[in-house]
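I opened a new notebook page for this structure. My entries follow in the order I looked things up.

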Amino acid sequence: MVLNQAQHPGAATRQPSALIWLLLSAVVIGLDQWSKAWVLTSLPEFQAVKVIDGFWNWYRTYNTGAAFSFLSNAGGWQIWFFTALALGVCGLLGWWLSRTPRGDWRVALPYALVIGGALGNVIDRLVHGHVVDFIQWYVGDHYWPSFNIADSAIVCGAVGIALFGLSKKGGAEARATEKP
């Protein structure tokens with residue numbers, strides 16, 4: 001029996017979803033966990049190791065909170081809170097990926113980066129009880145809080161979501177106001 005378009009509308013036009021982009025999430029998780037394993041076996045705790053003098057150190061430290069050590073001294077419950085929050089966000093982004101066309105990289109790429117970064121930090125929280133941070137940037141006496149590859153992926157993904165989301169919305173508004 002051959003089904004035609006009239007019997008199943010949308011069946012012939014259904015595009016593959018962007019779930020393949022989860023491979024990028026897996027790469028981010030792999031690089032993040034590999035780098036943290038290197039840090040834990042190779043870098044001293046709380047001692048700067050210069051990479052580029054005046055700008056960049058390796059600096060092994062730990063974060064039990066979230067960005068900028070938010071809630072790091074909350075007594076332990078925050079580990080489970082941030083784990084549940086990250087898993088919820090990853091689930092939502094994964095669901096959105098499943099509804100995104102595979103070729104829509106402006107949506108898929110940032111979502112995949114956030115998912116990979118969030119899961120990389122979740123693994124740390126579950127395995128170590130904290131997130132391992134080791135990249136420290138500074139200028140003079142002004143230090144940016146230490147971070148890791150997972151954090152970088154989350155920030156890049158969030159910026160991509162904001163930038164591409166704004167440009168996409170602006171484009172849609174412009175098309176809606178065009179005269180036929």
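I began with P44 and its contacts. Leaving out residues up to four places away in sequence, I found that P44 touches V49 and R60. The model is a predicted one. I noted that 16 residues along the chain lie between the positions of P44 and R60, while their C-alpha atoms are 6.6 Å apart. P44 sits in the loop between α1 and β1. Is P44 buried, exposed or partly exposed? Its relative accessibility is 31%, so I put P44 down as partly exposed, since that class lies between the 20% and 50% limits.

Next I looked up the sheet. Four strands make an open sheet, ordered β1-β2-β3-β4, with antiparallel pairing. β1 (49-52) and β4 (142-143) are at the edges with a single partner strand each, so one side of each has no neighbour in the sheet. Helix α1 (residues 22-42) packs on this sheet and touches β2 (56-63) and β3. I recorded an angle of about 85 degrees between the directions of α1 and β3.

Then I followed β3. Six bridges join β2 to β3, and W58 stands opposite I135 in β3. Towards β4, β3 (residues 131-139) has two bridges, and the two strands run antiparallel. In β4, H142 is opposite V139 and Y143 is opposite Y138. β3 and β4 form a hairpin with two residues between them. In that turn, G140 has a positive phi of about 60 degrees.

Last, I checked how enclosed β3 is. Seven of its nine residues are buried, so I wrote down that β3 is largely enclosed by the rest of the structure.

Definitions and conventions
Residues are numbered from 1 along each chain as its sequence is written. This is a predicted model: local features need pLDDT of at least 70, side-chain atom pairs count only at pLDDT 80 or more; totals for chains, interfaces and linings use all residues. Side-chain values use heavy atoms; hydrogens and water are left out. Two strands pair if DSSP finds at least two bridges between them. Contact means heavy atoms within 4.5 Å. Axes are lines fitted to C-alpha atoms, for helices over the stretch in contact, and angles run from 0 to 180 degrees between N-to-C directions. Buried means under 20% relative accessible area, exposed over 50%, partly exposed in between (1.4 Å probe, protein chains only).
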